[in-house]
Amino acid sequence: MTAIDEGTAAAVDAVMPLIEVRGVEKHFQGVAALVDVNLDVFGGEVLGLVGPNGAGKTTLVNAITGYIPPTAGTVHLAGRDITGLSMDRVARLGITRTFQHLRLLEQSSVLENVLLGRHQRFTVRPWTMGRTRVRQEREQREAARALLDELGLAALADTVAAGLPYGVRRRIEIARALAAEPRALLLDEPTAGMTPGDANDIGELIVQTAGTGVAVVLIEHNVGLVTKLSHRIAVLDWGRVIKVGDPGSVWDDERVRAAYIGGVAT
Amino acid sequence: MLDWFQLHRFIIDTALITTLITMSIFIAFNAGVMSLGSVGFMAVGGYTTAILTTKHGWPVPFGIVSGIVVGGVLAFLFGLAVLRLSGIYLALGTFALAQATIIFIQAVDFTNGVHGVIRIPRRVTTVASLGGLLVLVVVLQLIRKSHYGRALRTVRLDNVVALGLGINARRYQMFAFVLSGMVASFAGALEAHESTVISPSQYNFTLLTIALTYAMVGGVEHWAGPLVSAGLLITFREWTRSSGTDKQNLAFGILLVVVLLVIPGGLADKRIKQVRTWLWRTLSTPFRRGPEPHAAVPEPDSSLV
């Protein structure tokens with residue numbers, strides 16, 4: 001799948017990128033983690049974000065989601081400047097992320113974890129009584145269950161998250177992010193440490209998600225998988241975007257090879 | 001029954017007030033705010049109603065409500081300052097502000113300084129404290145069963161996950177801190193009308209330590225935890241009163257260490273839950289019919305969570 005197929009191409013809003021990153025820099029006490037990063041992410045596409053360890057992939061995701069404010073530059077979401085907004089505001093505007101290290105509420109059930117993603121859909125107040133309250137809780141639980149059903153997790157809805165296999169827990173984290181109905185989903189190494197079978201399942205889920213018009217940014221070390229899943233790939237090295245291109249050609253670039261093999265970039 | 005109640009009225013009233021302070025600490029802990037400020041808010045509640053009822057002739061109920069309001073407003077202002085911190089720094093911040101409040105009360109004239117306020121009308125009945133506690137429990141249960149409860153829990157367990165899902169963690173912590181301050185002020189106001197005499201020195205570290213012990217034994221997971229733990233430990237305290245303060249404090253110290261070592265989560269710890277499940281299964285076995293428990297699929301009852 002090297003070219004964008006027709007079905008997905010229709011979903012890509014070719015006119016305006018959903019996320020626009022312009023000149024973003026991040027310095028940690030003199031160490032430049034991001035240098036003049038420019039990147040567009042379109043709705044309905046999977047953008048692979050690759051690069052050697054320490055290239056700044058997670059820092060870029062952190063800067064977009066407001067987890068750390070960038071030192072310079074701007075981030076726009078659908079034309080709106082979201083630079084420096086707090087993480088929860090960015091999330092409410094429609095960017096959700098997962099984490100490199102799984103962060104589930106371990107002692108809560110799978111359903112409770114996913115319900116958390118639906119937090120923004122609740123409108124009742126704590127003092128709202130009676131039917132509205134009961135109905136809304138039921139509706140949101142049903143929505144969460146429906147999502148779990150779609151992701152093949154329905155049977156585990158009432159199981160405590162802690163005891164489940166790693167692959168399943170990764171899936172739950174993505175389910176929780178999807179429950180928020182985001183416009184953009186930023187996945188930080190969603191298949192790290194997974195068996196190839198589980199990784200492929202997650203891959204399918206990612207493609208499906210992009211198919212619904214969501215912009216997906218995928219940080220991934222597995223070159224085969226990221227080439228297969230992405231519509232475009234951006235390569236980061238030493239905090240700079242050294243190449244953005246289609247998955248077929250990006251690996252042929254000299255600088256990309258140099259970055260990965262460890263030679264001197266020219 | 002009525003005789004017994006009359007005899008123990010003071011103990012029961014004091015116990016209810018201590019329980020309220022424990023709940024106030026729990027409310028903050030539940031949202032991940034390590035607050036040590038409850039005793040300060042208690043002083044604010046007590047002094048507000050004491051001054052209003054003795055010097056300005058306000059009726060007692062208005063005095064108490066004013067105490068709660070002033071405590072809440074002060075908690076909000078303090079929250080603006082300290083909720084930027086987290087962990088041990090937050091705990092120290094709340095403690096410092098609470099101590100500053102008590103020192104302020106000592107230093108100014110309109111509170112009578114170190115002499116305290118005397119002849120506070122004694123109008124508070126057990127019913128008022130009990131009613132207040134019941135209302136609080138209902139409110140806490142309503143919060144617990146709503147998406148607010150889930151959000152508060154997440155803010156406590158993993159702040160970053162909460163933020164990443166659009167939950168305004170600071171606002172939730174502020175809500176909990178203000179509620180905690182209001183409950184502590186309520187307890188302080190009740191206490192003022194119970195003992196009729198208050199002075200700055202009574203809002204001391206010992207009181208904080210006792211309430212903190214109750215709260216920690218109760219755990220942060222469920223409001224029933226601090227309620228049960230306060231109930232049990234106050235009874236224990238009254239029971240052993242004749243043995244002297246030294247032995248009592250020693251027993252409490254040992255208890256706290258044991259709890260922290262064996263069940264760090266207090267009564268809400270998962271080990272307690274395991275024991276409870278095991279007990280329930282063992283005790284109910286003779287009465288159970290049909291297939292073995294593991295063969296039956298338990299009915300998911302998420303509404304109870």
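1. A:Q29 is exposed, with a relative accessible area of 84%; exposed means over 50%, buried under 20%, and partly exposed in between (1.4 Å probe, protein chains only).

2. A word on what you are viewing. This is a predicted model, in which local features need pLDDT of at least 70 and side-chain atom pairs count only at pLDDT 80 or more, while totals for chains, interfaces and linings use all residues. Residues are numbered from 1 along each chain as its sequence is written, chains are lettered from A, and side-chain values use heavy atoms, with hydrogens and water left out.

3. A:W238 counts as exposed, at 70% relative accessibility.

4. Now to chain B. Its secondary structure comes to twelve helices and zero strands. Of its 305 residues, 48% count as buried. The C-alpha atoms fill a box of roughly 75 × 55 × 35 Å, taken along the principal axes.

5. How does the radius of gyration of chain B agree with that of a compact globule? For 305 residues such a globule would be near 19 Å, and chain B has 21 Å, which agrees. The radius is taken over C-alpha atoms, and the globule rule is 2.2 Å times the number of residues to the power 0.38.

6. Where the chains meet, 29 residues from chain A and 25 residues from chain B take part in the contact, meaning heavy atoms within 4.5 Å. Together chain A and chain B bury about 2,500 Å², 60% of it on carbon and sulfur atoms. That buried area is the accessible area (1.4 Å probe) that two parts lose on being put together, summed over both.

7. The rule finds three salt bridges across this interface, each a side-chain nitrogen of Lys or Arg within 4 Å of a carboxyl oxygen of Asp or Glu. A salt bridge joins A:R103 and B:D158, with the closest N and O atoms 2.9 Å apart. The elements giving two or more residues to chain A's side are α3 (87-93), β6 (95-97), α4 (110-117) and α5 (130-150).

Technical notes. Helices (H or I, at least four residues) and strands (E, at least two) are DSSP runs, numbered from the N terminus.
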